[in-house]
Amino acid sequence: MALSSSCSTLKAVNSRWTSPVPKLAALRRHSLLPELRYTPNVKLTATNALRTVEQTTLTEDNKLSTYGSDQEDQESLPKPRILVAEKLGEAGVNLLKDFGDVDCSYELSPEDLKKKVAESDALIVRSGTKVTREVFEAAKGRLKVVGRAGVGIDNVDLQAATEYGCLVVNAPTANTVAAAEHGIALLASMARNVAQADASIKAGKWERSKYVGVSLVGKTLAIMGFGKVGTEVARRAKGLGMNVISHDPYAPADRARALGVELVSFDQAISTADFISLHMPLTPATKKVFNDETFSKMKKGVRLINVARGGVIDEDALVRALDSGVVAQAALDVFCEEPPSKESRLIQHENVTVTPHLGASTKEAQEGVAIEIAEAVAGALKGELSATAVNAPMVAPEVLTELAPYIVLAEKLGRLAVQLASGGKGVQSIKVVYRSARDRDDLDTRLLRAMITKGIIEPISDSYVNLVNADFIAKQKGLRISEERTVVESSPEYPVDSIQVQISNVESSFAGAVSDAGAISIEGKVKYGVPHLTCVGSFGVDVSLEGNLILCRQVDQPGMIGQVGNILGEQNVNVSFMSVGRTVVRKQAIMAIGVDEEPDKKTLEKIGGVSAIEEFVFLKL
């Protein structure tokens with residue numbers, strides 16, 4: 001786009017839009033953002049694009065200008081400075097050198113790192129460098145991108161990065177095949193006792209009868225988590241003649257069918273499998289999900305492989321399962337504590353094969369990660385919206401102030417909706433309906449859609465969802481999210497009157513949440529600045545979305561509130577809100593109960609034992 005044309009577009013957009021979110025969208029549609037190229041004074045990234053657009057003005061001679069910027073020819077300006085603080089593959093370094101001035105300085109002390117970032121526009125690390133709040137403070141606003149060469153970002157202070165307007169990107173896809181191959185390697189070596197037999201021979205023994213293995217052909221492999229790595233494991237396991245099943249609430253059924261994989265429930269997967277391979281993220285919902293109760297449901301003699309995250313297994317419970325024979329063998333690449341203690345009973349167990357977190361450790365994977373992170377960092381410095389961004393972009397304060405309570409509502413509706421879905425089919429089709437008195441052009445729903453996506457995906461995923469990457473991750477997870485806007489007669493002072501989330505073509509863990517149209521349906525509003533749940537299925541309710549929630553579908557009769565309230569009170573569970581909705585008097589009703597604490601299993605069983613209650617579900621907010 002010619003500069004004069006860019007200026008005309010900017011002038012028109014500035015006059016049409018007063019809010020920076022739709023203004024930024026309009027500039028993207030007109031391809032104006034690439035014109036605001038990298039300069040020392042205009043560093044356009046996903047975190048500061050809105051601010052830059054707000055500061056962009058027109059000079060008297062119709063040239064683009066920004067507050068405090070000079071009028072040098074952009075082609076003669078210095079390249080961005082990129083600090084690589086840990087070893088990176090040569091291909092990635094060369095790609096960076098084509099774009100900027102690269103400083104490869106390894107094993108920096110915390111003080112040296114602070115000095116370096118003060119002179120750097122981007123920083124690339126692996127897992128060994130801690131990018132703390134102090135590092136961002138030392139950068140004094142110059143640092144615009146932090147690239148993590150790998151998946152995990154535990155060593156980067158995301159909150160501080162966002163506060164200082166710094167985008168954080170990672171490289172989540174390059175090591176997929178390497179991790180899958182390592183899982184298959186552990187599967188085969190465990191089945192044939194390769195590690196134990198190797199150690200035996202090196203100790204001068206010859207114990208052929210002791211190390212008789214088991215065949216893989218015809219055995220059932222349960223893949224827990226059917227994402228990128230899980231899918232690749234399935235391909236290879238099918239080639240070995242195994243029957244493959246999987247549990248993953250987001251896996252598209254058509255993709256699974258194409259690979260000859262059956263999607264099943266969690267309990268069905270663990271109770272029928274001969275081998276179980278873990279490929280699930282570590283989240284609050286999956287932490288120690290493999291525990292004494294889980295192991296008790298497995299077939300005796302099951303074999304377990306973990307190349308995902310150590311924390312999904314209760315290691316003490318696994319030792320007990322190994323000692324009892326419920327788990328015949330385990331092959332582990334990851335642990336709760338890394339490196340694990342030398343005295344660990346799990347590590348020393350004769351039926352356990354271990355490797356030191358080698359899932360991504362191939363030459364090809366390391367080069368792939370280097371290229372992926374180099375492209376993400378260079379793209380971010382050029383002002384491109386990175387699909388691998390893991391922190392929230394900077395949004396204008398006035399927009400956040402207006403949308404703040406609706407952002408919370410949107411995420412909580414997403415969390416509720418996904419917990420109401422069940423079965424092995426997987427969540428795929430989601431519809432969001434916004435009711436608003438505002439004109440379509442005056443309501444930018446990208447942030448709300450992103451927060452709904454965040455609420456649906458994050459509780460059982462290691463993905464970080466925000467305005468930048470929401471659509472990308474939704475597509476990656478096989479989610480189809482459509483939006484509909486309905487004009488209602490309410491005050492245009494408020495951006496949204498209500499938000500409804502529908503999930504189609506899935507079974508529900510709570511039949512009362514299914515609407516007459518056959519979809520799981522929940523709706524909410526913001527009342528006095530607080531998110532409220534106002535509709536479940538066809539039942540109207542009114543309960544504040546704070547703490548946790550219990551939904552009960554019951555026969556509509558007197559005394560139900562008292563019975564359930566007494567059960568909760570006896571267990572010292574505090575009720576914050578309670579609401580009852582019904583369609584026909586004395587027929588059916590839904591009781592929505594907000595609770596501050598999570599009731600224990602016995603308390604929930606007592607609620608379910610009330611004769612008039614037909615079904616209930618406990619939901620975490």
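Colleague: Is the crossing of α8 and α10 right-handed or left-handed?

Modeller: This is a predicted model, in which local features need pLDDT of at least 70 and side-chain atom pairs count only at pLDDT 80 or more, while totals for chains, interfaces and linings use all residues. Residues are numbered from 1 along each chain as its sequence is written, and side-chain values use heavy atoms, with hydrogens and water left out. A crossing counts as left-handed if the near helix is turned anticlockwise from the far one by less than a right angle, and as right-handed if clockwise. On that convention, the crossing of α8 and α10 is right-handed.

Colleague: How many residues of each class does the contact of α8 with α10 have?

Modeller: Contact means heavy atoms within 4.5 Å, and here α8 contributes Thr176, Val177, Ala179, Ala180, Glu181 and Ile184, while α10 contributes Lys228, Val229, Glu232, Val233, Arg236 and Ala237. Ala, Val, Leu, Ile, Met, Phe, Trp, Tyr, Cys and Pro count as nonpolar, Asp, Glu, Lys and Arg as charged, and the others, Gly among them, as polar. By class, the contact of α8 with α10 has 7 nonpolar, 1 polar and 4 charged residues.

Colleague: How many residues of each class does the contact of α4 with α16 have?

Modeller: The axes of helix α4 (residues 90-99) and helix α16 (residues 363-381) come within 7 Å and cross at roughly 20°, so α4 is roughly parallel to α16, and the crossing of α4 and α16 is right-handed. From α4 the contact takes Glu90, Ala91, Gly92, Leu95, Leu96 and Phe99, and from α16 it takes Glu367, Ala370, Ile371, Ala374, Glu375, Ala378 and Leu381. The contact of α4 with α16 therefore falls, by the class definition, into 9 nonpolar, 1 polar and 3 charged residues.

Colleague: Which residues make the contact of α20 with α21?

Modeller: Helix α20 (residues 560-570) and helix α21 (residues 601-608) pack at an angle of about 165°, with axes 10 Å apart, which means that α20 is roughly antiparallel to α21. The crossing in which α20 passes α21 is right-handed. The contact is made by Val564, Ile567, Leu568 and Glu570 of α20 and by Thr603, Lys606 and Ile607 of α21.

Colleague: Is Arg449 buried or exposed?

Modeller: Arg449 has its place in helix α18 (residues 446-457), helices being DSSP runs of H or I with at least four residues, and strands runs of E with at least two, numbered from the N terminus. Leaving aside neighbours within four places in sequence, Arg449 is in contact with Tyr434, Asp471, Ile481 and Glu483. With a relative accessible area of 14%, Arg449 is buried.

Colleague: What is the relative accessible area of Glu107?

Modeller: Most residues other than glycine have a negative phi, and most peptide bonds are trans. Glu107, in the loop between β4 (101-104) and α5 (110-117), has a positive phi near 55°. Glu107 is exposed, and its relative accessible area is 80%.

Colleague: What is omega for the peptide bond from Glu338 to Pro339?

Modeller: Pro339 is found in the loop between β13 (327-332) and α15 (345-348). The peptide bond from Glu338 to Pro339 is cis, with omega near -5°.

Note on methods. Axes are lines fitted to C-alpha atoms, for helices over the stretch in contact, and angles run from 0 to 180 degrees between N-to-C directions. Angles under 35 degrees count as roughly parallel, over 145 as roughly antiparallel, 65 to 115 as roughly perpendicular and the rest as oblique. Buried means under 20% relative accessible area, exposed over 50%, partly exposed in between (1.4 Å probe, protein chains only).
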